[in-house]
Amino acid sequence: MSETETFTRLLLIGSEGQIGSALARRLPQAFPQATVMATTQDRVDFTKPETLTKAVREFIPDLIINAAAYTAVDRAEQEPALAQQINGVAPGILAEEAKRCGAALVHYSTDYVFDGNKRTPYVESDAAHPLNEYGLSKRAGEIVVQQSGACALILRTSWVYGLTGRNFLLTMRRLANERDELRIVNDQIGVPNDSEALAAATVKLIALGKTRLCEHAGLYHLSATGATSWFGFAQAIFAALPEGNKRPRLIPITTAEYPLPATRPAYGVLSSERLWQIFGISLPSWQTMLQACLARGRTNF
């Protein structure tokens, strides 16, 4: 890879989120010769478009990574305009700014753009049909990024968890200390993805250089292999705990028995075959990923 292909000015937006915080740690180590600017919400506010344009035009990056998003799936049913502004409008502004300054853009999306009616893994060419306001907003973001003409990679993933932030893994840890019994949905099928593994795969993509990314810009799925339910995910979490840790009794229930404001897709497994074919990058099984995550946090679990 030539010097001109190597990214030298990396702008990370959303460094306080799950994937963003992992990237904030990894990027300076992976690209020691580059200047990495990791922004927080107090500087780049997706409800204030002028802060987006200002950040890009002042820093003049050759790569923008957008790890910021509105992720409160149920609250989005009451705040659709806010979800659309953050997930659907702001990414388009970033894409336009990336095109304006000749930067590449990496943007994350979700399996919730699909309706879950398939029973085989979704591929990138499958038609999107979101069931909730969150999914609609994320799909809107995909569309504006694609239509911008920018050199952009959109990475769809699912069921993100990690040792920081708000996610299913940490919720299970908290509830295990509060309850003897947990009722967990068993009829929604998807793929858990560790934020650190997603960040590591993103770093590998970036390391391929601007020319390679722009030659193959487009939509990709970035997900672990295999599939499980939320109930199966909970079982795996507690099965991996060391002896002596409290393990609540798990009871499988249906989605209908646990009603929420936002409708979830019953099936959201993503095939990452295209990412492997084009870039040679893949993720391990979700079980392997979970074991690695729990090993990192063993002393704190």
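The model is predicted. The structure holds 10 aromatic pairs, and ring pairs join W159, Y161, F168, W230, F233 and W286 into a cluster.

**Aromatic pairs around F233**

- F168 and F233 form a stacked pair, with 5.2 Å from centre to centre and 20° between the planes.
- F168 belongs to helix α5 (residues 168-176) and F233 to helix α8 (residues 230-239), so this pair ties together parts that lie 65 residues apart in sequence; both F168 and F233 are buried.
- F233 also pairs with W286, and because the ring centres are 6.2 Å apart with the planes at 85°, this pair is edge-to-face.
- The pair of F233 and W286 links helix α8 with helix α10 (residues 286-296), across 53 residues of the chain, and W286 is buried, as is F233.

**N87 in helix α3**

- N87 is found in helix α3 (residues 80-101) and is buried, with a relative accessible area of 1%.
- The side chain of N87 reaches the backbone nitrogen of Y70 at 2.8 Å, and it makes a polar contact with the side chain of S137 at 3.0 Å.
- Beyond its neighbours within four places in sequence, N87 is in contact with residues including A69, Y134, K138 and G141.

**H216 in a loop**

- H216 is found in the loop between α7 (210-215) and β10 (218-221), where its relative accessibility of 28% makes it partly exposed.
- Not counting residues up to four places away in sequence, H216 touches L153, I278 and F279.

**Charges over rings**

- K118 lies over the face of Y122, at 5.3 Å from the ring centre, while the charged end of R274 sits over the ring of Y220, 4.2 Å from its centre.

How values were computed:
Residues numbered from 1 in each chain as written. Predicted model: local features only at pLDDT ≥ 70, side-chain atom pairs only at ≥ 80, totals over all residues. Heavy atoms only, no water. Helix = DSSP H or I, 4+ residues; strand = E, 2+ residues; numbered from the N terminus. Buried < 20%, exposed > 50% of the residue type's maximum accessible area, 1.4 Å probe, protein only. Polar contact = N/O pair within 3.5 Å; in protein donor to acceptor, adjacent residues only side chain to side chain. Contact = heavy atoms within 4.5 Å. Phe/Tyr/Trp six-rings, centres within 6.5 Å; stacked < 30°, edge-to-face > 60°. Lys NZ or Arg CZ within 6 Å of the ring centre and 35° of its normal.
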